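Please look over the chain shown here.

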Amino acid sequence: MENIAQLINSKDYLRLVEACEDFELQIANDSAAQEHVEEFYTILFIAYALVNDLNAARFLRKRLLARNTMPHNAQIDAAWRICVVLWQRRYPDFYEALDAFQWCPLVLALIEDLRESVRAKLTELFQKSYTLIDVPTAVKYFGLPETDLIPGKLYI
């Protein structure tokens, strides 16, 4: 898990996904590696969301359910919910899901990066697609209160 923490701090999410996938294989073969399994699966789900590989997150979930090794953990369930709402492009629910759970410190850094990443992608999409966006729509898609929206930047 030390290597995973370093990759989170360096924000190298592609390498984080690779390291997590390697660690998943280690967990399958080594019962001693089960120590941080709940935190690990949470990190892997969020890392998949960060690299925009929600299909891999979906197959991770299926794999865990098929092996019946999915630990019943509220943090893992909350991370999976984030992947589901992103897959379905339900952005208001996405921001609600991010804020609905008390994340452990290691995961919290990923959550904040995911929040900013989604906002940046939506900002770019809206700038290409719209010349004007009303305040209620911007609040819904950016998960920000009206007072935090910047006229001009988000085309309000």
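The report below goes from the whole chain to single residues.

## Overall fold

This is a predicted model. The chain holds eight helices and zero strands. Read from the N terminus, its elements run α-α-α-α-α-α-α-α. The C-alpha trace spans about 55 × 30 × 25 Å along its principal axes.

The chain has 156 residues, and 43% of them are buried. Among contacts with a separation of 6 or more, 56% join residues 24 or more positions apart.

## Packing of H2 and H3

Two packed helices are described by the angle between their axes and the distance between the axes. Helix H2 covers residues 13–29 and helix H3 covers residues 37–50. Their packing angle is about 145°, and their axes lie 9 Å apart. The crossing of H2 and H3 is left-handed.

On the H2 side, the contact is made by Tyr-13, Leu-16, Val-17, Cys-20, Glu-21, Phe-23, Glu-24 and Ile-27. On the H3 side, Val-37, Phe-40, Tyr-41, Ile-43, Leu-44, Ala-47, Tyr-48 and Leu-50 meet them. By class, the contact of H2 with H3 has 14 nonpolar residues, no polar ones and two charged ones.

## The largest pocket

The volume of the largest pocket is about 270 Å³. Its lining consists of Ala-49, Asn-52, Leu-54, Leu-86, Trp-87, Arg-89, Tyr-91, Leu-114, Val-118, Lys-121, Leu-122 and Leu-125. Nine of the lining residues are nonpolar, one is polar and two are charged.

Which helices supply at least two residues each to this lining? They are H5 (74–87) and H7 (105–129). H7 gives the most, with five residues.

Asp-113 lies in helix H7. Is Asp-113 buried or exposed? Its relative accessible area is 18%, which is under 20%, so Asp-113 counts as buried. Leaving aside neighbours within four places in sequence, Asp-113 touches Lys-11, Tyr-13 and Leu-50. Two of these partners, Tyr-13 and Leu-50, also belong to the contact of H2 with H3.

Lys-121 also has its place in helix H7. This residue is part of the lining of the largest pocket. Lys-121 has a relative accessible area of 40%, between the 20% and 50% cut-offs, so it is partly exposed. Lys-121 and Asn-3 are 118 residues apart along the chain. Their C-alpha atoms are separated by 28 Å.

## Two loop residues with positive phi

Lys-11 sits in the loop between helix H1 (2–10) and H2. Its phi is near 60°, a positive value in a residue other than glycine.

Asn-52 is found in the loop between H3 and helix H4 (54–67). Asn-52 is not a glycine either, yet its phi is positive, at about 60°. Where does Asn-52 stand by relative accessibility, buried or exposed? Its value is 55%, which is over 50%, so Asn-52 counts as exposed.

Definitions and conventions:
Residues are numbered from 1 along each chain as its sequence is written. This is a predicted model: local features need pLDDT of at least 70, side-chain atom pairs count only at pLDDT 80 or more; totals for chains, interfaces and linings use all residues. Side-chain values use heavy atoms; hydrogens and water are left out. On a 1 Å grid over the protein atoms alone, a cavity is a set of points where a 1.4 Å probe fits but cannot get out, and a pocket is an open set with protein on both sides within 12 Å along at least five of seven lines; lining residues have an atom within 4 Å of a point. Grid points are joined across faces, edges and corners, and a volume is the space filled by probe spheres set on the points. Helices (H or I, at least four residues) and strands (E, at least two) are DSSP runs, numbered from the N terminus. Ala, Val, Leu, Ile, Met, Phe, Trp, Tyr, Cys and Pro count as nonpolar, Asp, Glu, Lys and Arg as charged, and the others, Gly among them, as polar. Buried means under 20% relative accessible area, exposed over 50%, partly exposed in between (1.4 Å probe, protein chains only). Contact means heavy atoms within 4.5 Å. Axes are lines fitted to C-alpha atoms, for helices over the stretch in contact, and angles run from 0 to 180 degrees between N-to-C directions. A crossing is left-handed if the near helix is turned anticlockwise from the far one by less than a right angle, and right-handed if clockwise.
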